[in-house]
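Reader: I would like to learn how to read a structure. Can we go through it feature by feature?

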Amino acid sequence: MALTPFFRLPLTDLTGCLVNHQTYDKCGELEMNMMECLEAYGGERGKKMCKDLIDDFGECVNMRKQMLRVEAMRKERFRQYRAGERKKEELYAESPRIDAY
């Protein structure tokens, strides 16, 4: 995850604030904690000292573990269907009524 631009220009200084996750409730707090830690330790040393915070923020943004979990559940449902433990109608949960929202 690149935290600083490769070339530092006045244009990158002006547009650097546009790419952040502060407008999203989900990852904003993690981003602030990560950036405060990186500010305290500096760019190079902060990559080692703040690794846990950087990893947590990356997981919040990319949702890699969540997607792997969803994929594992899907594979298990299809495995049960192929083994005859599940019927075709029970492959997925019943959807809510159209006017349920």
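Reader: What percentage of the residues in the protein is buried?

Author: Buried means under 20% relative accessible area, exposed over 50%, and partly exposed in between, with a 1.4 Å probe and protein chains only. Of the 101 residues in the protein, 14% are buried. This is a predicted model, where local features need pLDDT of at least 70, side-chain atom pairs count only at pLDDT 80 or more, and totals for chains, interfaces and linings use all residues. Residues are numbered from 1 along each chain as its sequence is written, and side-chain values use heavy atoms, leaving out hydrogens and water.

Reader: How many helices and strands does the protein have?

Author: Helices (H or I, at least four residues) and strands (E, at least two) are DSSP runs, numbered from the N terminus. The protein has five helices and zero strands.

Reader: How does the length of helix H5 agree with its number of residues?

Author: The expected span is 1.5 Å times one less than the number of residues. Helix H5 (residues 64-83) has 20 residues and so should span 28 Å; its end C-alpha atoms are 29 Å apart, which agrees. Just after H5, Gly84 has a positive phi of about 85°.

Reader: Which side chain of opposite charge is nearest to Glu31?

Author: Lys and Arg count as positive, Asp and Glu as negative; His and the chain ends are not counted. A salt bridge needs a side-chain nitrogen of Lys or Arg within 4 Å of a carboxyl oxygen of Asp or Glu. Glu31, in helix H2 (residues 28-41), is buried without a salt bridge, and the nearest such side chain, Lys26, is 13 Å away.
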